[in-house]
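This report describes one protein chain for a reader who is new to structures. Please keep the sequence and the 3D view open while reading.

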Amino acid sequence: MNMADHLNSIPPFFLCPISLQVMDDPVTVATGVSYDRSSISRWLVDHDKCPVTNQRLADLTVTPNDTLLRLIRSWSAAANAAAAADSIPEILEILRDLNDQSAHSVCKFRALEKIKILLLGGTDGGCIETVRMEKAGVTSLVASLISRPSSPTEITDDFIILINEAAVTLYLLKPSPETLKAVSERDGGELINSLASLLQHGSYEGRVRAALLLQSVFEIVGEEFKSRLPFDVIEAAVEVLKDQNVSRRTTMALLAVLLEVLPRGKNRWKAVEAGVVEVMVALLVEDGAGDKRKCEAMLAVLELVCGKAEGRAELVSHPAGLATVAARLVGVSSAVTERAMAVLGLVFRNCSGVAVVEELVQVGGVAKLCVVVQVEENRRIREMAKRILAMHVKEWIKSPCFPSYRLP
C-alpha cells in the first residue's frame with residue numbers, strides 16, 4: 001500500500017469531530033464522544049454542549065481515551081513507515097533548494113512552496129510530513145530564513161516576501177518543542193529578534209504567524225532569553241497591539257507573550273517605556289466587557305506593570321486609567337473582577353495623593369467596590385474589596401458620592 005492509499009484509509013473515529021484531524025490526545029466527554037483535548041478544551045471555554053450530539057454537558061470534565069490513543073499511535077507508526085518510502089525525493093529537493101547559496105532567492109521560494117503543498121495536501125493535516133521534514137532538518141533551515149537584514153541595502157521586496165513566507169511555512173511545520181527551543185535559542189536568540197521585526201514590518205499573514213510563533217517560543221525557551229529580552233521585542237508587541245485592525249487571535253497571542261515575559265528581569269520597565277499602559281487602557285475602552293478572556297488578559301498585564309512605580313504612575317496619570325479599571329469591577333466575570341481589584345490594590349497601597357484617592361470616588365470605583373462586598377460570591381474577592389476600602393475609607397467617607405448605606 002502506498003502512502004496515498006494509507007492516508008485515505010484513516011479510520012473516521014481517529015479524526016477529531018472539531019478539527020477533522022487525527023487526534024494527538026483523545027479525550028471523551030460525558031456524552032461518550034471523543035475529541036482531541038486541545039480542540040474540546042477551546043470549545044468548552046464558551047459552550048456547555050457536546051458539539052456532535054448538541055446535548056448539554058452537566059459535567060464538563062474530560063476523560064483520557066487511552067485505548068483510542070494506542071490505536072492511533074499504532075496506525076501512525078504504519079503511516080510513517082509508508083511515508084518513508086514515498087516522499088524522500090521531494091524532501092531531498094527541498095533540502096537542496098533551501099541550501100542553495102546563490103544570490104537569488106528563487107530556489108528558496110520554490111522550496112517553501114513545495115513544503116506548503118506537501119503539508120496542506122495531506123488528509124491528516126500534514127502530520128506525517130511535518131515529522132519527516134523535522135527529522136530531515138527542513139524545519140531548522142526554514143527557521144534560519146527568518147532573519148533581520150544586516151544592512152538597509154538588504155531590505156528588498158524579495159527579502160521581505162521571503163521572510164514572510166518563511167514565517168508562514170515555519171508555523172505550518174508545527175515544530176516540536178525540542179526543535180523550536182533549539183532554533184529559537186540559536187545565535188543568541190536571533191529568531192526571536194527577527195520575529196519581532198516581522199511583527200512590525202511584515203505582511204498581515206506574516207505578522208499573525210510571527211505573533212503565534214512568539215507565543216510558542218516563549219513557552220519553551222530558557223529563562224535567560226525571557227529575562228534579557230531586547231527592548232525591540234516588547235516594543236514590537238506593543239506596537240502591533242495598538243493596531244485596531246489586528247485579529248483577536250494575534251492580540252491574544254501577544255498578550256500571552258507579555259504575560260510570559262513581564263515578570264522577568266527589567267521587562268516591566270521596558271513595557272512601560274514602550275507605552276503598554278496606554279495601549280491596555282485603550283483596548284479596554286475599545287473592547288468594553290464583550291470578551292472576558294481578552295479583558296482578563298489585559299488587566300493581568302496592567303497588574304504586572306503596576307507592580308512597578310513607573311507603571312502605577314502611568315495608569316494614574318492616564319485620563320481614563322482608573323475609570324477604565326474600575327469599570328471592570330462588576331458585570332463581567334469573577335476572574336475579571338479579581339484582576340481589576342488587584343490593579344487597584346497595587347495603586348492604592350502605594351498611593352498617598354489626595355487627588356488620586358478622590359478620583360476613585362468620582363469615577364464610581366468606590367461604589368463598585370461596595371457592590372462587590374455585597375454581592376460577590378467568592379469570599380476571597382470580597383475580602384480584597386474590603387481591604388481596598390479600608391485603605392482610604394476616612395477620605396472616601398467624606399465624599400457626598402460615598403455609598404455609606406452599602407458599608408460592609
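## The chain as a whole

The model is predicted. Its protein chain has 24 helices and three strands. Of the 408 residues in the protein chain, 46% are buried. The chain exposes about 19,700 Å², and carbon and sulfur atoms supply 52% of that area. Among contacts with a separation of 6 or more, 67% are between residues 24 or more positions apart.

## Helix H21 and its cover

Helix H21 covers residues 354-362, and its buried residues are Val356, Val357, Glu359, Leu360 and Val361. What lies over these buried residues? The cover includes H18, helix H19 (321-327), helix H20 (334-349), helix H22 (365-375) and helix H24 (393-396). After H21 comes Gly364, which has a positive phi near 85°.

Leu389 belongs to helix H23, which runs over residues 379-391. Is Leu389 buried or exposed? Its relative accessibility is 7%, so Leu389 counts as buried; the cut-off for buried is under 20%. Apart from neighbours within four places in sequence, Leu389 is in contact with Val366, Leu369, Cys370, Val373 and Trp396.

Asn267 is in helix H15, residues 267-273. With a relative accessible area of 0%, Asn267 is buried. Which residues does Asn267 touch, not counting those up to four places away in sequence? They are Lys226, Ser227, Leu229, Ile234, Val261 and Leu262.

## Salt bridges

Side chains of opposite charge can pair when their charged atoms come close. The count of salt bridges in this model is 18. The table lists some of them, with the distance between nitrogen and oxygen.

| Acidic residue | Basic residue | N to O distance |
| Asp48 | Arg56 | 2.4 Å |
| Glu165 | Lys116 | 2.4 Å |
| Glu260 | Arg264 | 3.4 Å |

The partners in a pair can be described by how open they are. In the pair of Asp48 and Arg56, Asp48 is partly exposed, with a relative accessible area of 31%. Arg56 has a relative accessible area of 57% and is exposed.

Glu165 and Lys116 also form a salt bridge. Glu165 lies in helix H8 (residues 157-173) and Lys116 lies in helix H5 (residues 106-121), so this pair ties together parts that are 49 residues apart in sequence. Glu165 is partly exposed at a relative accessible area of 24%, whereas Lys116 counts as buried at 14% relative accessibility.

In the pair of Glu260 and Arg264, Glu260 counts as partly exposed, at 24% relative accessibility. Salt bridges can also be linked into a network, and Glu93, Asp97, Arg110 and Lys114 are linked in this way.

## A patch of negative charge

Which residues gather in a patch of negative charge on the surface? They are Glu273, Glu278, Glu310 and Glu314. One of them, Glu314, is placed in helix H18, residues 309-317. Glu314 has a relative accessible area of 39% and is partly exposed. Helix H18 was named above as part of the cover over the buried residues of H21.

## Positive phi in two loops

Most residues other than glycine have a negative phi, and most peptide bonds are trans. Asn54 is not a glycine, yet it has a positive phi of about 65°. Where is Asn54 placed? Asn54 is in the loop between helix H2 (37-46) and strand S3 (63-64). Asn54 counts as exposed, at 52% relative accessibility.

Lys174 is another residue other than glycine with a positive phi, here near 45°. Lys174 lies in the loop between H8 and helix H9 (177-185). At 44% relative accessibility, Lys174 counts as partly exposed. H8 is also the helix that holds Glu165, the partner of Lys116 described above.

Definitions and conventions: Residues numbered from 1 in each chain as written. Predicted model: local features only at pLDDT ≥ 70, side-chain atom pairs only at ≥ 80, totals over all residues. Heavy atoms only, no water. Patch = residues over 30% accessible without salt bridge, like charges linked within 9 Å, V, L, I, M, F, W, Y side chains within 5 Å. Areas by Shrake-Rupley, 256 points an atom, 1.4 Å probe, with all protein chains shown as cover. Salt bridge = Lys/Arg side-chain N within 4 Å of Asp/Glu carboxyl O. Lys, Arg positive; Asp, Glu negative; His and termini not counted. Charge placed at Lys NZ, Arg CZ, Asp CG, Glu CD. Helix = DSSP H or I, 4+ residues; strand = E, 2+ residues; numbered from the N terminus. Buried < 20%, exposed > 50% of the residue type's maximum accessible area, 1.4 Å probe, protein only. Contact = heavy atoms within 4.5 Å.
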